Amino acid sequence: MGYFLGIDIGGTLIKAGLYRANGEEIAVAECDGETVSPQPGFSEREMEPLWRDLCQTIRQVLSFADITGDRVRGVSFSSHGKGLYAIDKKGQPVRNGIVSSDTRAGAMVVELQQQGIEAVTYPRSLQPIWNSHPAVLLRWLKQHEPAQYEAIDRVLMVHDYLRFRLTGEATAEITNISGSNLFNQQTADYDPVLMAAFGIEEVADKTAPLLGSAELAGQVTATAAAQCGLPAGTAVYGGLFDVVGAALCSGVVDDRTLSAVAGTWSIATCVTENLIPSSHPFAWGRYCMEGRYFVHEGSPTSASNLAWFLRQFCDNDHQRYAQFNRWVQERSKQPSDITFLPYLFGSNLGSNLPGGLIGLSGHHDMADIVHAIYQGIVFSHLVHQDRLVALNPRVERIRMTGGPTQSDVWMQMFANAGNLPLEVVNIQQSGCRAAAICAAVGAGEYSNFTEAVQVIQPEVHTYYPDAVANRRLRDRFAGYLNIAQALNEANQHANH
């Protein structure tokens, strides 16, 4: 029996998982690499060490599973979106790769927005302009590193580059490149009008051929085989944007289930058969299933805020999470008079909104503060969730993945606030598993993703909302929004 190798590429962490065709996990390995920050706001990866980390992780997972590489029937990827990993005509990196968390182009984005460029770009790309969009980073390179810009032969994203290293074939996987601001959602192709709007017309000749998620990208070359431990000729398939991977792994195939991810980012995703008009600038992309789109929102306002609190005030003692959960359970039925704004790493209700605890008094203790943090993170998710439910009222349930799903009391709070059944997916390595599903579909184990999802059903635990708790939380949420709005207005006034 063969195995499928799923590789998950994060900002620093690479994970590799081996799976049977039915989704059974055999082994997982990981390698934590390093980002380079030569200047404030820069977040980069050296691309040769990135490749070496991938090879090391593949060799490790084969060793952990105690199998030889010839038993792997296919390889695929799940990876972070945005960023830039461009190569020259010799296949060499033109510079370090740029990670999705990079903010070097922040001032440029503000300038473009003030110029009204989104009136031209958004109707075509259906992507609000973001600091680390490939289109924005290419504009930044053209202005600040013209020699590197001129050297570009192929514009790639991170899993595109690593597939290239495995196969020697430069291609751009569609679920990820459709979120680049180089791609027209209506025509499902690159758009020279978008490139001209960003002032990077030359990029029209530097794009890589588009590739489906389960489409064959090529085979592992002899050179790559010697380094990674897979035999030459091993099939390599397209892959997924990690937001799409989370939805796929959660069994999301239509617009009745909303995929939610709680981790560093709070992410909400719907899958639709049509582009739905809206006055709100949602981010759209092509889903891995033929003829379907995904629409999503996200912000770095989730559990990373609690992790920061644990590091700063609890010696990073992860055993304290059990105590946190007990405190939250005790406080959940009491009136809450502290509001936590989970904006330590960014906001979803205004630019440059600071995080904070509002309403503190001398009688409050650590338990009150922890309860407020849990609640504030739930509210940050509600901002995205409510927008998507308003866009798509057919949503009947939420499917959630991420670290906070280990907390029963937190998941019940999410369900109560959202007023929808919350189905927690019992999968630890959703990125690796989703990538392995890509490889299994590509290899013909399944005729398409719909069949694969039907067979590989995730195990879920459902939390049902409580009406009384919903009313209480919605009242608190209204206050949360008022505080954030007032703070945003104060910030704008101070900046002017």
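These are my notebook entries on a predicted model.

**Ground rules**

I number residues from 1 along each chain as its sequence is written.

**Entry 1: the annotated spans**

I began with the UniProt record, whose positions are in the numbering used here, with feature names shortened and annotations that may be inferred rather than shown by experiment. The unreviewed entry lists "domain: Carbohydrate kinase FGGY N-terminal" at residues 3–249. I found 36% helix and 21% strand in that span, with its end C-alpha atoms 17 Å apart. Helices here are DSSP runs of H or I with at least four residues, strands are runs of E with at least two, and both are numbered from the N terminus.

The unreviewed entry also places "domain: Carbohydrate kinase FGGY C-terminal" at residues 259–442. For residues 259–442 I noted 39% helix, 20% strand and 24 Å between the end C-alpha atoms.

**Entry 2: a covered helix**

Next I looked up helix α6, residues 158–167, where 10 of 10 residues are buried (under 20% relative accessible area; exposed is over 50%, partly exposed in between, with a 1.4 Å probe and protein chains only). Among the buried residues of α6 are Asp-160, Arg-163 and Arg-165. Just after α6, Gly-168 takes a positive phi of about 80°.

I also checked Tyr-149, which sits in helix α5 (residues 146–151). Tyr-149 is buried, with a relative accessible area of 1%.

**Entry 3: two asparagines**

Most residues other than glycine have a negative phi. I wrote down Asn-181 for its positive phi of about 65°; Asn-181 lies in the loop between α7 (174–177) and β8 (183–184). Asn-419 also has a positive phi, near 60°, and is found in the loop between α14 and β21 (422–425). Asn-181 is buried at 0% relative accessible area, whereas Asn-419 is partly exposed at 43%.

**Entry 4: the second largest pocket**

A pocket, on a 1 Å grid over the protein atoms alone, is an open set of points where a 1.4 Å probe fits, with protein on both sides within 12 Å along at least five of seven lines; lining residues have an atom within 4 Å of a point. The second largest pocket holds about 310 Å³, a volume being the space filled by probe spheres set on the points, which are joined across faces, edges and corners. Which residues lie nearest its centre? They are Ser-332, Lys-333, Asn-416, Ala-469 and Arg-472, out of 18 lining residues. Helices α13 (366–391), α14 (408–418) and α17 (467–495) each supply at least two lining residues, and α17 gives the largest share, 5 residues.

**Entry 5: rings**

I counted 14 aromatic pairs (ring centres of Phe, Tyr or Trp, with its six-membered ring, within 6.5 Å; planes under 30 degrees apart are stacked, over 60 edge-to-face, the rest tilted). Phe-379 and Phe-477 form a tilted pair, 5.4 Å centre to centre with 45° between the planes. This pair links helix α13 to helix α17, 98 residues apart. Phe-379 and Phe-477 are both buried.

Last, I looked at Arg-104, whose charged end sits over the ring of Phe-42, 3.8 Å from its centre (CZ of Arg or NZ of Lys within 6 Å of the ring centre and within 35 degrees of the ring normal). Arg-104 also lies over the face of Trp-140, at 4.8 Å from the ring centre.

Conventions: Predicted model: local features only at pLDDT ≥ 70, side-chain atom pairs only at ≥ 80, totals over all residues. Heavy atoms only, no water.
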